[in-house]
Amino acid sequence: MKKYGGNAMDLMEYQARQLFELAGLPVKKGVVSDSVKGLMDAVKQNREITFPLVCKAQVRVGGRGKAGGIKIVENMEELESAASEILGIEIKGHVVRELLAVEKAEIEKEWYLSIMLDRLTKCPLIIFSSEGGMDIEEVSQRTPEAICKIAVNPLEGITEGIMDRMINIAGITEGAVGQFVDILNKLYDFFLSTDCLLAEINPLVIDRTGEIVALDGKVSIDDSALYRHPETTEFKLLLEKDENPLIKEAREMDFLYIPCVDKGTIAVSSNGSGMLMSCMDRIHDNGMEVYAGLDLGGGATSERIKEAVRIISSGNQVKAVFINIFGGITRCDEVALGIRFAKESYKIDKPIIVRFEGTNKAEGMEIIAGLERVIYVDGLIQGVDELVKRKDQLI
């Protein structure tokens with residue numbers, strides 16, 4: 001099954017670095033901007049930043065280096081050239097709209113360190129590798145002995161036994177032990193206090209001065225826990241700085257809006273993550289891409305459906321909508337009324353392919369029968385088949 005999203009808010013690297021810094025974790029100095037001129041001005045104005053720098057694309061996917069999204073620069077002229085080349089490129093379907101310029105480290109040793117929520121043990125799981133700077137999946141296949149996984153009892157926290165084991169695996173010299181212990185404890189505290197599903201440092205390095213530094217970070221926050229963080233905190237502001245407004249609006253209505261592929265043209269809505277992902281998979285397998293998905297959750301009233309249709313059909317990128325709703329007690333007439341209200345209130349003229357099952361199905365079909373550009377289908381497969389008929393207009 002392809003992974004399109006879930007209940008995690010994935011942060012940009014620069015946001016992860018800012019949060020690491022707030023948590024007391026050591027990071028290199030850097031600046032971020034959404035324009036070439038803005039990036040250059042920020043570097044000029046920050047007198048503490050010194051060349052060489054690394055100019056890095058800010059997207060929520062890996063593989064940036066291989067895609068030309070990371071370049072080392074020695075001066076302002078090279079920075080302008082690199083930033084101009086990177087800004088606006090597409091990396092795995094994500095357009096680069098922000099850039100980070102950060103001081104380059106002189107690396108002596110690289111590690112991988114992360115803490116994630118292990119759904120099997122229901123505990124934080126520390127993953128450490130003596131080989132950093134690459135995908136942990138690649139390391140696990142090539143040298144599995146280089147990876148250490150330790151589940152942490154939340155009632156005990158990081159014990160001396162856990163720390164000693166990791167220090168031995170890492171081969172840390174005596175002079176750096178204190179730094180390593182401090183970093184691990186701060187990362188663990190950060191993981192707990194910010195409701196992380198993942199807090200990753202890759203690579204964690206020792207530089208030529210003997211300092212341990214977090215060079216790159218990946219952070220995923222449990223979005224169902226965002227209410228625990230007050231609106232006024234810097235943490236909350238960082239999370240919301242570049243959040244898709246449709247994600248926020250959907251969350252306020254107890255929907256889950258999932259951006260998928262920037263070049264996608266089809267929007268999908270369903271009442272359940274399993275059905276939603278099945279729709280997305282089949283659409284992808286037929287040579288088309290999903291721009292966004294929306295999980296309705298429970299309570300499919302006409303007013304909720306109306307707003308869901310508005311949200312999921314938003315944007316010129318969306319050329320067709322597929323609504324697939326199944327529920328033993330879901331009233332199909334409510335679903336149909338919601339679609340009709342959305343078309344009337346928001347002047348939605350895009351093709352809407354609909355499949356619903358449940359109470360009052362016949363009444364629901366009567367309601368949508370006269371709606372222009374609304375097509376009823378009997379199932380998921382038939383719905384995707386209707387999209388395939390319009391494939392030339394959707395790709």
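**Note on salt bridges and nonpolar cores**

1. A search of the whole structure finds 20 salt bridges, a salt bridge being a side-chain nitrogen of Lys or Arg within 4 Å of a carboxyl oxygen of Asp or Glu. This is a predicted model, in which local features need pLDDT of at least 70 and side-chain atom pairs count only at pLDDT 80 or more, while totals for chains, interfaces and linings use all residues. Residues are numbered from 1 along each chain as its sequence is written, and side-chain values use heavy atoms, with hydrogens and water left out.

2. Glutamate 13 and lysine 56 form a salt bridge in which the closest N and O atoms are 2.7 Å apart. Because glutamate 13 lies in helix H1 (residues 13-22) and lysine 56 in strand E3 (residues 53-57), the pair ties together parts that are 43 residues apart in sequence. Helices (H or I, at least four residues) and strands (E, at least two) are DSSP runs, numbered from the N terminus.

3. Lysine 56 also meets the side chain of aspartate 216 in a salt bridge, at 3.7 Å from N to O. Aspartate 216 lies in the loop between strand E12 (212-214) and strand E13 (217-222), so its pairing with lysine 56 in strand E3 ties together parts that are 160 residues apart in sequence. Lysine 56 counts as buried because its relative accessibility is 8%, and aspartate 216 counts as buried at 15%; buried means under 20% relative accessible area, exposed over 50%, and partly exposed in between (1.4 Å probe, protein chains only).

4. A further salt bridge joins aspartate 349 to arginine 373, with the closest N and O atoms 3.8 Å apart. This pair links distant parts of the chain, 24 residues apart, with aspartate 349 in the loop between helix H11 (332-346) and strand E18 (352-359) and arginine 373 in the loop between helix H12 (361-369) and strand E19 (374-376). Aspartate 349 is partly exposed at 47% relative accessibility, and arginine 373 is partly exposed at 39%.

5. The largest nonpolar core has 40 residues, of which Phe20, Trp111, Ile126, Met166, Phe180 and Leu187 touch the most other members; such a core is a set of buried Ala, Val, Leu, Ile, Met, Phe, Trp, Tyr and Cys residues joined through side-chain atoms within 4.5 Å. Helix H6 (residues 174-193) gives the most to this core, with 8 residues. A second, separate core of 30 residues includes Leu246, Ala292, Val318 and Val374.
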